[in-house]
Amino acid sequence: MVVMRYRIDTSSRNELSVLGLGCMRFPRDKAETERIILAALDGGVNFFDTAYIYPGSEVILGEALAKHGRREDIFLSTKLPLSRCRRSEDFDKYFDEQLKRLQTDYIDYYFMHNIASFAQWEALLKMGIAEWIAGKKASGEIRQVGFSYHGTYDDFLKTLKSYPWEFCLIQYNYYDENYQAGKAGLRAAVNAGLTVMVMEPLLGGKLATGLPRQAEELFNRANPDLAPADWALWWLWNQPEVTLVLSGMSSADIVRHNLQSAEDFRTLSEEELAVYPKVVDVFRKSYKVNCTSCNYCLPCPKGINIPSCLAAYNTSYARDYVAGATLYLTSTAVLAENPLSVHLCNQCGKCEKACPQDIPIRTYLKKVGRRFEPLPVRWILKLVRAVMSR
């Protein structure tokens, strides 16, 4: 039985598990999702984070908590889909639906979801979001309010100062140390009295299972007892300013590994800390696209599996070309009668508007096509498909 560690939320004085369950990457298998939830609960995880726009996530989490009578055992967080709010009436529309999905009458931690600029937050203030929040807090339907952030550091500071927030969620890991809000934003938020939570601790899994071999070797030489995921999690827990790390654990086995990592955590030595910049240097040279596979760019109007195509592109450089090409073939069903090739992209730009990382997706899809389906290869694949269809 693992022993969970807890840190204090400075606003509420709640004790939050240092490892939280991010519910964005639940598998399609409902039974496995329930095993993930129960494994986290039984391991002492008491912070569960979902969002309105995570497909099916709020519903399955609400069903599991109700089925096992565990709602009162956790701090439940979800997020208002700001990008869908066009008028003040939308606030209640989405919130009421979330309460039904989650089978609860209150939310412990409610996020303003995916603030990407101060102008976006200003527009919501003009729509009356502050007054709406005040009403929900007065009724007890929202216990605490904060925001998740994907924008520049300067706009982060403006947003931070514009409202009496109680917590915030930032993208932060040893590779993204100075990306978006970054370490400077982390410290600014703590100095302002906010509890800081971290998302993408493993960069969409890349810091756990997608490291270049040279980077893995650097970690192994420094401490062979730690897996890549441990190195990423421990780097965050080594910073007392980080109250909670949200990990999108997609299997019960991953939950158990991360639970053990939380129990085993100790302060990193100077020698261990010195390895991270070397790993980052290798990683930066190998990875071409800073995609976290959050899937916000989906669905693509043409059916392209954008995150998987970008992952294949990265893998072809970080690991080897064959591994990347294999991933691309499976992601696009390139030998099927109607393959979902990146060449179907019509440059509509819908994906780029939704991307929290500001990735020029259309440009990279062209690069993916040139790498895996140059014109001679496209001719060969077309011929193979014709033969297979006979």
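Buried means under 20% relative accessible area, exposed over 50%, and partly exposed in between, with a 1.4 Å probe and protein chains only. In a regular strand the side chains alternate between the two faces of the sheet. Strands and helices here are DSSP runs, numbered from the N terminus: E with at least two residues for strands, H or I with at least four for helices.

This is a predicted model: local features need pLDDT of at least 70, side-chain atom pairs count only at pLDDT 80 or more, and totals for chains, interfaces and linings use all residues. Residues are numbered from 1 along each chain as its sequence is written, and side-chain values use heavy atoms, with hydrogens and water left out.

Strand 3 pairs with strand 10 (residues 242-247) in the parallel sense over 3 bridges. Two strands pair if DSSP finds at least two bridges between them. G20 has L246 as its bridge partner in strand 10. Strand 3 also pairs with strand 4, again parallel, over 2 bridges. There, G22 is partnered by D49. The chain goes from strand 3 through helix 1 to strand 4 in a right-handed β-α-β crossover. Right-handed means that, with the strands pointing away from the viewer, the path from the first strand over the helix to the second runs clockwise.

## The barrel

8 strands close into a barrel with parallel pairing, in the order 3-4-5-6-7-8-9-10. Neighbouring strands of this sheet are turned by 30° against each other on average, direction ignored. Axes are lines fitted to C-alpha atoms, for helices over the stretch in contact, and angles run from 0 to 180 degrees between N-to-C directions.

Strand 5 (residues 75-80) is mostly covered, with 6 of its 6 residues buried. F47 has F75 as its bridge partner in strand 5. The link from strand 4 to strand 5 runs through helix 2 (residues 57-67), as a right-handed β-α-β crossover.

On to strand 6 (residues 107-115): 4 bridges join it to strand 5, in parallel. T78 has Y110 as its bridge partner in strand 6. Helix 3 (residues 89-102) carries the chain from strand 5 to strand 6, and this β-α-β crossover is right-handed.

Helix 1 (residues 30-42) and helix 2 pack at about 60°, with axes 10 Å apart. That angle makes helix 1 oblique to helix 2. Angles under 35 degrees count as roughly parallel, over 145 as roughly antiparallel, 65 to 115 as roughly perpendicular and the rest as oblique. The crossing of these two helices is right-handed. A crossing is left-handed if the near helix is turned anticlockwise from the far one by less than a right angle, and right-handed if clockwise. K30, T33, E34, I37 and L41 of helix 1 meet I60, L61, E63, A64, L65 and K67 of helix 2. Contact means heavy atoms within 4.5 Å.

The buried residues of helix 2 are S57, E58, I60, L61, G62, A64 and L65. They pack against helix 1, strand 4, strand 5 and helix 3. Just after helix 2, G69 takes a positive phi of about 60°.

Helix 3 and helix 5 (residues 129-139) pack at about 40°, with axes 11 Å apart. Helix 3 is therefore oblique to helix 5. Their crossing is right-handed. F91, D92, F95 and D96 of helix 3 touch I129, W132 and K136 of helix 5.

## Helices 9 and 13

Helix 9 (residues 213-222) and helix 13 (residues 275-286) pack at about 170°, with axes 8 Å apart. So helix 9 is roughly antiparallel to helix 13. The crossing is right-handed. The contact joins Q214, A215, L218, F219 and A222 of helix 9 to V275, Y276, K278, V279 and V282 of helix 13.

Helix 6 (residues 153-161) lies across strand 6, strand 7 (142-149) and strand 8 (167-171), running at about 165° to strand 7.

S11 sits in the loop between strand 1 (6-8) and strand 2 (15-17). S11 counts as partly exposed because its relative accessibility is 34%. Not counting residues up to four places away in sequence, S11 touches Q144, E166, G193 and T195. S11 and W165 are 154 residues apart in sequence and 9.4 Å apart in space, C-alpha to C-alpha.
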